Amino acid sequence: MDEDNPLIRERRAKLGELRRIGIDPYGARWEVTALAGGLQEQHRDAPAAALESQRIGVSLAGRLIALRDHGRTTFAHLRDRTGQIQIYVREDTLGQEAYRLLKWMDIGDVLGVAGRLFRTRTGELTVAVEEFRLLAKALRPLPEKWHGLVDVETRHRQRYLDLLANPEVVTVFQRRSQLIREMRQFFDQRGFLEVETPMMQPVAGGAAARPFITHHNALGIDLYLRIAPELYLKRLLVGGLDRVYEINRSFRNEGVDTRHNPEFTMLEFYQAYADYQDLMVLTEELVPRLARTLLGAEELTYQGVRITLSPPWPRLPVLDALKKVAGIPDEDLTDAGRLRAAAVRRDIPVQPGWGWGKLLDELIKHLVEPHLVQPTFLLDFPLELCPLATRKSADPRLAERFELFVAGMEVANAYTELNDPDEQRRRFEDQLRARERGDEEAHRMDEDFVRALEYGMPPAAGEGIGIDRLVMLFTDLPSIRDVILFPQLRPRERGQGRAGDQDVV
């Protein structure tokens, strides 16, 4: 408890003393004219004599991360969003009354300082402080005396502490932002229009997933948080917007693990007059470009494995994959009973009601996907798994669909879009029957989407790319929680704290 923590009690006592003498411990606006990182870069090679003669005035603000009191002089370090810089405070410069306020400062306090630049005898760039102000008093000590926050669960639950204590985490989210900017530029240059579609939908569609349900009081209706923007983006194709994309948040009521978070970010895009072969080519352009921009090369290392992103990438049909990678013979691939027996022999759990397509998909997940380390397009999935995709003309059992795998992880899913309204209605009806048999992830009927198709949707291809998983690849991080600022976590039981939590929770 807070009252049992002597460090917090001490800081609150200082807070009370500051207020008693009329100092606002949560100060107002401070004029920032310089950033620590910029100053370090700009004056990296400036000699001490030059800095002394130029008398460069600066005003900056940041968090106090080190404090060394030498009586009538004090050295400290201030960190802002760009880096850190040393500050030097003298009693004879500030005056006795102002200088004695330093005794109420603690590591973690947010300060504004103004002064001039100089270089110490040890060569460190430093601000000689002529004025300072407390902008925010930190009542809780920073984790582990600023030597880093290492408890993974605390890092994810209290991301603000993770960002404060581990500067490399800031770099992860800067890279994430850079990746999204580069994606936008890529699609804008190719004539795609960025759009926004509803996050609350009367019918949850566009993916096989269980939705979250909410209620709109004024309208008196239930709504679903979107599981995908697909059906709305394809409505825009009907409306004449031939190339559209959306960087979207989607929500799926599913489990949480290292690759899944109930709330996640996708890029989804649609291109009229194209098919899934065109999108394979486009994806081979996009991902290496992202790598060149973020990493400076078309190679990366993920969890100790070197991955080359330079195209072209293998195109591996799922039936061939099970034969080549998993060693399942041709005669077993075409029969549901033989597939079921193959799964049982390999200790892969299957359910009695699963048909040929679902059994095939389950075998792919267990026997093939973990081995797809270098970028690989897995394509031509069973049609029964793809209710929104076009049938493959050469084999009516299959759909024109691909998934991109890198490091054994699915990062993209695409197909040639079904634009026949009557066939789409039949597919939805098949999905409704599957729901009646207990498949909670089967698609619902969307009458308005079928109506839109009846006005004529041009032939098109669409793709979804998992931004969170791409960031995992480009930052060499093993868990999706490491690349989402505030991931969903199981609530802690009351009294379930860990050793040392009193300093950070």
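Mentor: Contact means that heavy atoms lie within 4.5 Å. By that definition, Val-203 touches Tyr-224, Arg-444, Met-445 and Asp-446, with residues up to four places away in sequence not counted. The model is predicted, so local features need pLDDT of at least 70 and side-chain atom pairs count only at pLDDT 80 or more, while totals for chains, interfaces and linings use all residues. Residues are numbered from 1 along each chain as its sequence is written, and side-chain values use heavy atoms, with hydrogens and water left out.

Trainee: Where does Val-203 lie?
Mentor: Val-203 is in the loop between strand 7 (200-201) and strand 8 (213-216). Helices (H or I, at least four residues) and strands (E, at least two) are DSSP runs, numbered from the N terminus. The protein has 17 helices and 18 strands.

Trainee: Why is Val-203 called partly exposed?
Mentor: Buried means under 20% relative accessible area, exposed means over 50%, and partly exposed is in between (1.4 Å probe, protein chains only). Val-203 has 22% relative accessibility and therefore counts as partly exposed. The C-alpha atoms of Val-203 and Leu-225 are 9.3 Å apart in space, and the two residues are 22 positions apart in sequence.

Trainee: What makes His-43 count as buried?
Mentor: The relative accessibility of His-43 is 9%, so His-43 counts as buried. His-43 sits in the loop between helix 2 (36-42) and helix 3 (48-54). Beyond four places in sequence, His-43 touches Leu-51, Ile-56, Leu-117, Arg-119 and Leu-125.

Trainee: Why is Leu-322 called buried?
Mentor: Leu-322 counts as buried because its relative accessibility is 0%. Leu-322 belongs to helix 11 (residues 318-324). Its contacts, leaving aside neighbours within four places in sequence, include Leu-360, Leu-363 and Ile-364. For the protein as a whole, 51% of the 505 residues count as buried.

Trainee: How do you know that helix 13 and helix 14 are roughly parallel?
Mentor: The axes of helix 13 (residues 336-345) and helix 14 (residues 356-367) cross at roughly 30 degrees and come within 9 Å. Helix 13 is therefore roughly parallel to helix 14. Angles under 35 degrees count as roughly parallel, over 145 as roughly antiparallel, 65 to 115 as roughly perpendicular, and the rest as oblique. Axes are lines fitted to C-alpha atoms, for helices over the stretch in contact, and angles run from 0 to 180 degrees between N-to-C directions.

Trainee: Which residues of helix 13 and helix 14 meet, and of what class are they?
Mentor: Ala-336, Leu-339, Arg-340 and Ala-343 in helix 13 meet Trp-356, Leu-359, Leu-360 and Leu-363 in helix 14. Seven of the residues in the contact of helix 13 with helix 14 are nonpolar, none is polar and one is charged. Ala, Val, Leu, Ile, Met, Phe, Trp, Tyr, Cys and Pro count as nonpolar, Asp, Glu, Lys and Arg as charged, and the others, Gly among them, as polar.

Trainee: Why is helix 9 called roughly parallel to helix 16?
Mentor: Helix 9 (residues 230-238) and helix 16 (residues 447-454) pack at about 25 degrees, with their axes 9 Å apart. Helix 9 is thus roughly parallel to helix 16. Leu-231, Lys-234, Arg-235 and Val-238 of helix 9 make the contact with Asp-448, Phe-449 and Ala-452 of helix 16. By class, the contact of helix 9 with helix 16 has four nonpolar, no polar and three charged residues.
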